[in-house]
Amino acid sequence: MLDAMLPLDDAALFRPETYAGVRKPLLEASTLPPACYTSEAFYKREVQTIFLKVWNFVGRDDRIPHGGDYFTIEFAGIPVIIVRGKDGEVRAFANTCRHRGALLVEGEGNCRAFRCPYHSWAFDTEGNLIVAPEMEQTKDFRLEDWSLTPVRLERWAGFMFINFDSEAAPLTAHLGDLPEKLASYRFQDMACVRRKEYDLACNWKIYVENAMEAYHIATVHRSTLSRQKGKPSLPQPAAGEYCALYKEHKGSRALLSGDTGFPEMDHLEGQAAAGSWYPLIYPSTMFGCTYDCMWWLELHPMGPARTKLIVGSAFPRSSVERPDFEEVVQRYYKRWDISIPEDNEISELQQRGLASPFAKPGRLAHMEPLVHTFNNWVLDRVLGVAA
Ligand code: FES
Ligand SMILES: [Fe+2]
């Protein structure tokens, strides 16, 4: 007889007892059931209880440096415009026309106003409706009542976060003590020099878990990152909606071993001056912060088995202004362009394996503490344990 698991029905999927094994301490715990990575119902509940409630990272504000610069995203199925107004302020709006709901704009660029492709209502870069043709006869219609719907956007050191929940606590509450811990990197003095997007055929959690454990490095990155030396990566105490690994070592982690790069920042303090930080800002943003730069992995959930990955690279402006910047930065790009596809590939293989009816929960190694922490964070929200 085949020893296949019956797929969890929706009731079992949201029953706390189903996850008794995941709730145990790390070395007794099991991994999340495969259905958490494949089920439409579980994904929908994650969108409702996580992505529509928390601060979601959407990149750096130097992507839109000038008034009228904008870009669009579709986050957890919701189309959003992020635009710098003529007044210099960065705002987010629902990318949905207030007339009959057409998508207002796609892609990115610079504009004076967003003119709807359907009937030419136009909204300025602060979201105000400024033109609405043929609406004079419509009773009680005033332009000022039909502005674009704002989405909350707050920033930390140039990093932008949006929140779909008008009741949510401010971004500072979400980040907790992380800005203080990472203050000496002076992110506000960095410039993002490259963004690279990937479409992944995997669940967003698979990618987060991969980024938050060093267990796979000896196998997946055996000919690349595994040659980097240093002490083990250790989980750090975290007072905020994040968890973090820290690794003590010498030399930039953003270069392959043997390569040289930009000077190390001379203003790093405490742990930052002795190693690298790898925080996961819940739910789906990972930073790598090392001696000479930072990079981020930004995940946008697109469905149970689809995720958009954006990899951003930011360097101190003093490095970016060097005459040899373009030449030297290629060594950093080489490191990311090798290691990230390695993680992408293994994540897609994991998704394919987990989709099998024979997939069952597994067990965790001592090197996977934050996989366990993260899985329990997700469960707290999906099952309604967390506020
Ligand atoms: S739907 Fe936008 S102007 Fe009609
Ligand atoms: Fe990796």
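**Getting to know a predicted model**

User: What makes β12 and strand β13 (residues 242-248) a pair in this predicted model?
Analyst: They are joined in the antiparallel sense over 3 bridges. Two strands pair if there are at least two bridges between them, so β12 and β13 count as paired. One bridge to look for links Gln-236 with its partner in β13, Ala-244.

User: Why are β11 and β12 called edge strands?
Analyst: The open sheet has 7 strands, in the order β11-β17-β16-β15-β14-β13-β12, with antiparallel pairing. β11 (190-200) and β12 (234-236) each pair on one side only, and they are the edge strands. From one strand to the next, the twist averages 20°.

User: What makes helix α6 a helix that packs on the sheet?
Analyst: Helix α6 (residues 204-211) touches β11, β14, β15, β16 and β17. Contact requires C-beta atoms within 7 Å, so residues of α6 meet that limit with residues of these strands. The direction of α6 makes about 160° with that of β16.

User: How do you know that α6 is mostly covered?
Analyst: A residue is buried if 20 or more other C-beta atoms lie within 10 Å of its own. In α6, 8 of its 8 residues are buried, among them Trp-204, Tyr-207 and Ala-211.

User: Why are the buried residues of α3 said to be on the same side?
Analyst: In helix α3 (residues 40-51), the buried residues are Phe-42, Tyr-43, Glu-46, Ile-50 and Phe-51. They cover an arc of only 105° around the axis, so they sit on the same side of α3. These buried residues pack against α1, α2, β1, β16 and α10.

Definitions and conventions. Residues numbered from 1 in each chain as written. Chains lettered and ligands numbered in written order. Predicted model: local features only at pLDDT ≥ 70, side-chain atom pairs only at ≥ 80, totals over all residues. Helix = DSSP H or I, 4+ residues; strand = E, 2+ residues; numbered from the N terminus. Axes fitted to C-alpha atoms, helices over the stretch in contact; angles between N-to-C directions. Contact = placed C-beta atoms within 7 Å. Buried ≥ 20, exposed ≤ 12 C-beta atoms within 10 Å, placed from the backbone. Arc of directions from axis to C-beta.
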